[in-house]
Amino acid sequence: MRVAVALSCGVDSLSGRAAPVLSEIHAIGLARQLSADLVGVHVGAQTSLLRDYAAYGLNRIDVLPQDEVGTGDVGTILAAWLRANADISILITGHKASGALDSGLVPFEVAHALGWAVVSDVAAVVAVSQQDGGSPGTMQVLQARPRGVRRPVFIDGPCVLAAHERTGTVPTYIHAVGRAAQIEGVHPGVVAEGLEPEGPVGEIRPWRARPRLMNGVADTARQGSANVLVAPSPDEAARAIIDHLRQLGLGPSGSASRNVTQ
Amino acid sequence: MTGRIRRAPFAERAARRQTGRGGRVRFVMGTTPAVVLDSRRRDPRAERARQTVPGAAGRRRIIWGSARPGQATVVSGVSAPRTIRVEDPAMLVLAVPDFEEMRLSRFDRQILGAARLVADGGKGAVGVLCPADLPEDQRVALSQAGADRLFFLPAGRSDPAQQARAVLHWFRASGAAHILLPESPDGADRARRVAVAGGCGFMGGIQAFSLRAVIAPCHAMRRERVVQALPQVMTLEEDRVAAYAGLPHEIVQTDWQPEDVAEKPVINGRVRLGEAIAGDPASLPLAEAPFVVAAGNGVSDFTTFAELVRALGATPGASRVVCDAGYMPRQAQVGASGTVLDAACYLAMGISGAPQHLQGIGRVENIIAVNTDLHAAMVARASLAIIADAQEVMPALLRLAQQEGENPCV
């Protein structure tokens, strides 16, 4: 079973220099859980950054040329490439790019163009059952949710998986693997009809912090020191703590964190 | 000239003058005359008394700016509109809240608030897409949050593609101009499915929302994208738009029909979501843990501490002092140079609360502090503070936690 990993040319948010995207490294980690036969795919120019990605365990990276800049095109080109490589039935992408419009639409566009299933925020692969012919049968993955909650997802047939932004396994970086990787330019033949334009791109200007509503934090600050027990006996203190935890739906009797996902 | 208002004694006297029986002139001295015509001196108490009227439910009301004194009349509370009813909207804005655990969360209300903002700008209505099995009490919450119309989605939540198709169906059938979703994990996924399937203009993770422009970060949060014309599908980040706080809206019944499943060829859902499972607290990364118990300088017995953490079903954390001393691994450090928590509850054992440590627990709602110092910063921040030695409280708490764990009451 061959698994493709979509790679993008990321930008470090602090320095602005080219850097790998963390969620795409997680995507390589996911792909390695699925199969040993991996191929990376990148839409755009060949850069030395691709060697950094390859060092996490990719032997081959296909580079697809991009004539016009725009995120709408990336999904179409990837879909055309996947159609040309019919032996690939799983594409793994990052959560979203960092360095372009960062809309996070690409996995959904590819899945829509090919009619594949798509699952976002994948943290780990639990099980894969292979049908004859190498195509995946039923696959079970875990979707990461806030506060450590995991949701199992069952998928039939070919699919696009988008790795989670922060949670995931980071494979070992081996510099020699990156140097030995085969990075080739590939022309994906006929590119299918483009998707509809995404609407106006709008004006791009330097980012600045935008105000947030403060009630959430202010409420908790006001709540402070509502209940102070001065010099209680240890047993009284323990009882007070357990009761307080019970009110929050936490504590020793199990079901921790089930009630506090939001 | 000082701008001082002076009394006009002669005019006052003239106002009090009344002609009595037999042509005798009387001066009514008791009550102040209603109007002293050319008086330039104000009598605030009298003015206030004249403007005060008895209101509904026995509460006195003050009617400001009544043109002539004594004219303030009782306005009956019934005539004031109790709800706002939008009969014939010029446009429609859809909101798709998450309805986590079948109720409208704070984030959901903010999404409705943003939809209300757009609808009020164009004399439109807000439609809310909600699951078909929504409890009845949530309809009141929805009308308070500013919903005008309700559209129902199929009840099952296990197939995200089917949900997105239903959302897109309502979007097209109702002819809505915009559709707003929260940038929560589920909302973000749904919004992108809808945008791609419908070929709609999309903008995700909006940080500044107004009718003139929407702004979202791009280029790895180094640039921002400003779009003047509102896109069709938008997702908003939390705490960026205030929830609707005006009069409740009346939810008007619509005659639009839900998508007929039988008519269309049903694409069998290839993705099925299972039941969410809570993570194992012992192995969770600290940044994701829902409940953290942390040790500070007031703790010296780390064997009991580890047992306590296990008995409470929590994730262990520590302050910098403890990590520096080597009692706890560096991964457990909470604070500016360690991990920033996203927990629901934080139990601080013997931590006074250095500013760098408090940075790490800025987002935590509930904090329980056990500390000997009543004036510690952690005690001021805590919702339950216990002024005692953590070293003495720990064994008692462990004993109680083990008892409760064996035979959970309540």
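1. The crossing in which helix α4 of chain A passes α6 of chain B is right-handed, a crossing being called right-handed if the near helix is turned clockwise from the far one by less than a right angle, and left-handed if anticlockwise. The axes of α4(A) (residues 106–114) and α6(B) come within 9 Å and cross at roughly 45 degrees, and the two helices are therefore oblique to each other. Here axes are lines fitted to C-alpha atoms, for helices over the stretch in contact, with angles running from 0 to 180 degrees between N-to-C directions; angles under 35 degrees count as roughly parallel, over 145 as roughly antiparallel, 65 to 115 as roughly perpendicular, and the rest as oblique. Helices (H or I, at least four residues) and strands (E, at least two) are DSSP runs numbered from the N terminus.

2. This is a predicted model, in which local features need pLDDT of at least 70 and side-chain atom pairs count only at pLDDT 80 or more, while totals for chains, interfaces and linings use all residues. Residues are numbered from 1 along each chain as its sequence is written, and chains are lettered from A and ligands numbered from 1 in the order in which they are written.

3. A second pair of helices from the two chains is α7(A) (residues 234–247) and α11(B) (residues 390–406), whose axes come within 8 Å and cross at roughly 55 degrees. These helices are therefore also oblique to each other, and their crossing is right-handed. On the α7(A) side the contact involves P234(A), D235(A), A237(A), A238(A), R239(A), I241(A) and I242(A), which meet E392(B), V393(B), A396(B), L397(B), L400(B), A401(B) and E404(B) of α11(B); two residues are in contact if their C-beta atoms, placed from the backbone, lie within 7 Å. Sorted by class, this contact has ten nonpolar, no polar and four charged residues, where Ala, Val, Leu, Ile, Met, Phe, Trp, Tyr, Cys and Pro count as nonpolar, Asp, Glu, Lys and Arg as charged, and the others, Gly among them, as polar.

4. Taking the interface as a whole, 77 residues of chain B are in contact with 80 residues of chain A. Helix α11(B) supplies the largest share of the chain B side, with eight residues, and the residues of that side divide into 47 nonpolar, twelve polar and 18 charged.

5. One open sheet includes strands from both chains: its six strands, paired in parallel, follow the order β13(A)-β19(B)-β18(B)-β17(B)-β15(B)-β16(B). At its edges stand β13(A) (228–230) and β16(B) (315–318), each with a single partner strand, so one side of each is left without a neighbour in the sheet. The twist averages 15 degrees from one strand to the next. Inside this sheet, β17(B) (residues 345–349) and β18(B) (residues 366–371) run parallel and are joined by five bridges, with M349(B) standing opposite V370(B). Helix α7(B) (residues 302–312) lies across β15(B), β16(B) and β17(B), running at about 170 degrees to β15(B).

6. Another open sheet, also with six strands in parallel pairing, belongs to chain B and has the order β7-β6-β5-β8-β13-β9. Its edges are β7(B) (149–153) and β9(B) (202–206), each with a single partner strand, so one side of each is left without a neighbour in the sheet. Strands β8(B) (residues 178–182) and β13(B) (residues 233–236) pair in the parallel sense over four bridges, and I179(B) stands opposite V233(B). Helix α6(B) (residues 185–198) packs on the sheet, touching β8, β9 and β13 of chain B, and its direction makes about 165 degrees with that of β13(B).

7. Helices α5(B) and α6(B) have axes that come within 9 Å and cross at roughly 60 degrees, which makes α5(B) oblique to α6(B), and this crossing is right-handed.

8. The domain assignment, which comes from an automatic or database source, gives chain B domain 1 (16–62), domain 2 (92–236) and domain 3 (286–406). The centres of domain 2 and domain 3 of chain B, taken over C-alpha atoms, are separated by 39 Å.

Conventions
Pairing = 2+ DSSP bridges.
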